[in-house]
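Below is a short note on charged side-chain pairs. Please read the points against the coordinates.

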Amino acid sequence: LFFGVSVSDILAVGPAAFLLASIVSIARLLVQGVRFHELAKGINNNASIKISNTTVARMASEFTDLVVPSYAGGELVKIPWLVKKGFNLGQALLVAYLEVLLDVVIGGLISIIAALYLATRGAYVPASILLILSFLWIGFFTIVPWLVSRGKGALPKPIVRIMYSIVGTKRAESFASKLNEVAVQSSHAAGTFFRSSKGVVAKALLLTIVMVVLAGMIFWIIALGSGLQIDLLTSILGVYVSYTFGAIPLTPGGSGLSEGGLGLFTSSLYGGQLWASIVAWRIISYHVPLLVTGIALLYLSRKELSK
């Protein structure tokens, strides 16, 4: 309604494009599950986890990622599931963090390339906004863990002092101590992982690149179905611009922000608003995974609660 797109505009994309893009969208979820499994086994090779179960758990966690703002939510499923499978809390946090780190760094670099591309086309304002957001996300998800690993503590001292006044000194110190203990566990697990699991890191990077291509293919297929002549590389850049804007923690799943980001990118290149294609892309890239991952979450919940 907001973008003035009718149902007939969306259906004009065609059933073949919708079906193929949906298959690609689900394939991306499966690749994401395989990456989660590889990272988990790389951090705790003794854990008794099957790739099928790990993939389902990762898909289930994606549902919570899709319904809350920004990079949060999925950890509420991933971390308890990993702990139940024999990971200590620090190891489980490291698995979750490495996933986010890969997505943020790779996605941020692609967004920076997209910003530079926009700048060459004279779109300096959107390029500047995109650069600021990209560096902000990359910086936050790399500098904060680095400070923790350097012994600065899991919580900054000003926050600890605020906690003193809210919950009392004893409880605040207990909570901060527990967080620092988990931070030490994570740092130890990270040191072991990066020393002995270079092959796993390479696999995770490769799988992330596959996810990048699949994400770009979804809009590429929809755009071609709408009659827009766009290459896969440009589609990848546009999709990751949308992810960068969608990461702003304002709306569930980046609703509106993601569409706006992709619209800003495409309008800067093509001079017109492609809202029908963008809304169709959003249905395939968001609502189809929402349905699939919701089913996975129900299945995982039923399976775990029945034990």
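1. Helices here are DSSP runs of H or I, at least four residues long, numbered from the N terminus. Under that numbering, E75 and K78 both belong to helix 4 (residues 75-84), three residues apart and therefore separated by about one helical turn. Their side chains form a salt bridge, with an N to O distance of 3.6 Å. The model is a predicted one.

2. K78 has another partner, E99, with the closest N and O atoms 3.0 Å apart. This pair links distant parts of the chain: K78 is in helix 4 and E99 in helix 5 (residues 89-120), 21 residues away.

3. Are K78 and E99 buried or exposed? The cut-off for buried is under 20% relative accessible area. K78, at 3%, is therefore buried, and E99, at 1%, is buried as well.

4. Within helix 3 (residues 51-67), R58 and E62 lie four residues apart, about one turn of the helix. Their side chains meet in a salt bridge at 3.1 Å, N to O. R58 is buried, with a relative accessible area of 2%; E62 is also buried, at 11%.

5. How many salt bridges does the structure hold? The count is eight.

6. The pairs described above should be read together. E99 is buried, at 1% relative accessible area. Through shared partners, salt bridges join R35, R58, E62, E75, K78, E99 and D103 into one network.

Terms used
Residues numbered from 1 in each chain as written. Predicted model: local features only at pLDDT ≥ 70, side-chain atom pairs only at ≥ 80, totals over all residues. Heavy atoms only, no water. Salt bridge = Lys/Arg side-chain N within 4 Å of Asp/Glu carboxyl O. Helix = DSSP H or I, 4+ residues; strand = E, 2+ residues; numbered from the N terminus. Buried < 20%, exposed > 50% of the residue type's maximum accessible area, 1.4 Å probe, protein only.
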